[in-house]
Amino acid sequence: MTTVTYSIPNISCNHCTHTIQMEVSDLAGVQSVEASLDNKQATITFDAPATEDSIKSLLAEINYPVAE
Ligand SMILES: [Cu+2]
């Protein structure tokens with residue numbers, strides 16, 4: 001199990017955090033998603049088949065790209 005916190009500048013309201021939590025939770029292998037409006041971050045716990053790349057790709061697709 002891996003837990004990673006991503007910085008996501010596009011988070012601007014509670015709808016954003018809700019969308020991220022719903023969409024990322026649907027990815028196979030993702031165990032938990034905690035998105036924070038205050039920090040503009042999402043902390044995601046996952047296992048195979050999810051990977052950092054697949055999570056970042058999904059976030060970019062739904063318009064919440066991860067800041068590098
Ligand atoms: Cu929003």
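Analyst: Residues count as buried under 20% relative accessible area, exposed over 50%, and partly exposed in between (1.4 Å probe, protein chains only). This is a predicted model, in which local features need pLDDT of at least 70, side-chain atom pairs count only at pLDDT 80 or more, and totals for chains, interfaces and linings use all residues. Residues are numbered from 1 along each chain as its sequence is written, and side-chain values use heavy atoms, with hydrogens and water left out.

User: Why is Lys40 called partly exposed?

Analyst: Lys40 has a relative accessible area of 34%, so it is called partly exposed. Lys40 sits in the loop between E2 and E3; helices (H or I, at least four residues) and strands (E, at least two) are DSSP runs, numbered from the N terminus.

User: Why does Asn63 count as exposed?

Analyst: The relative accessibility of Asn63 is 55%, so Asn63 falls in the exposed class. Asn63 lies in the segment after H2, and its phi is also positive, near 80 degrees.

User: How do you know that the buried residues of H2 line one face of the helix?

Analyst: In H2 (residues 52-61), the buried residues are Ile55, Leu58 and Leu59. Seen down the axis of H2, they fall within an arc of 100 degrees, so they line one face; the arc is that of the directions from the helix axis to the C-beta atoms. Asp53 and Glu61, on the other side of H2, are exposed.

User: What covers the buried residues of H2?

Analyst: The cover includes strands E1 (2-7), E2 (30-36) and E3 (41-46), along with helix H1 (14-25).

User: What makes Cys13 and Cys16 ligands of the copper ion?

Analyst: Their SG atoms coordinate the copper ion at 2.0 to 2.1 Å. Donors are N, O and S atoms within 2.8 Å of the metal (3.2 Å for Na, K and Ca); water is not among the atoms, so sites may look incomplete. Cys13 is partly exposed at 32% relative accessible area, whereas Cys16 is buried at 5%.

User: Which residues does Asn10 touch?

Analyst: Not counting residues up to four places away in sequence, Asn10 touches Cys16, Asn63, Tyr64 and Pro65, where contact means heavy atoms within 4.5 Å. Asn10 is in the loop between E1 and H1.
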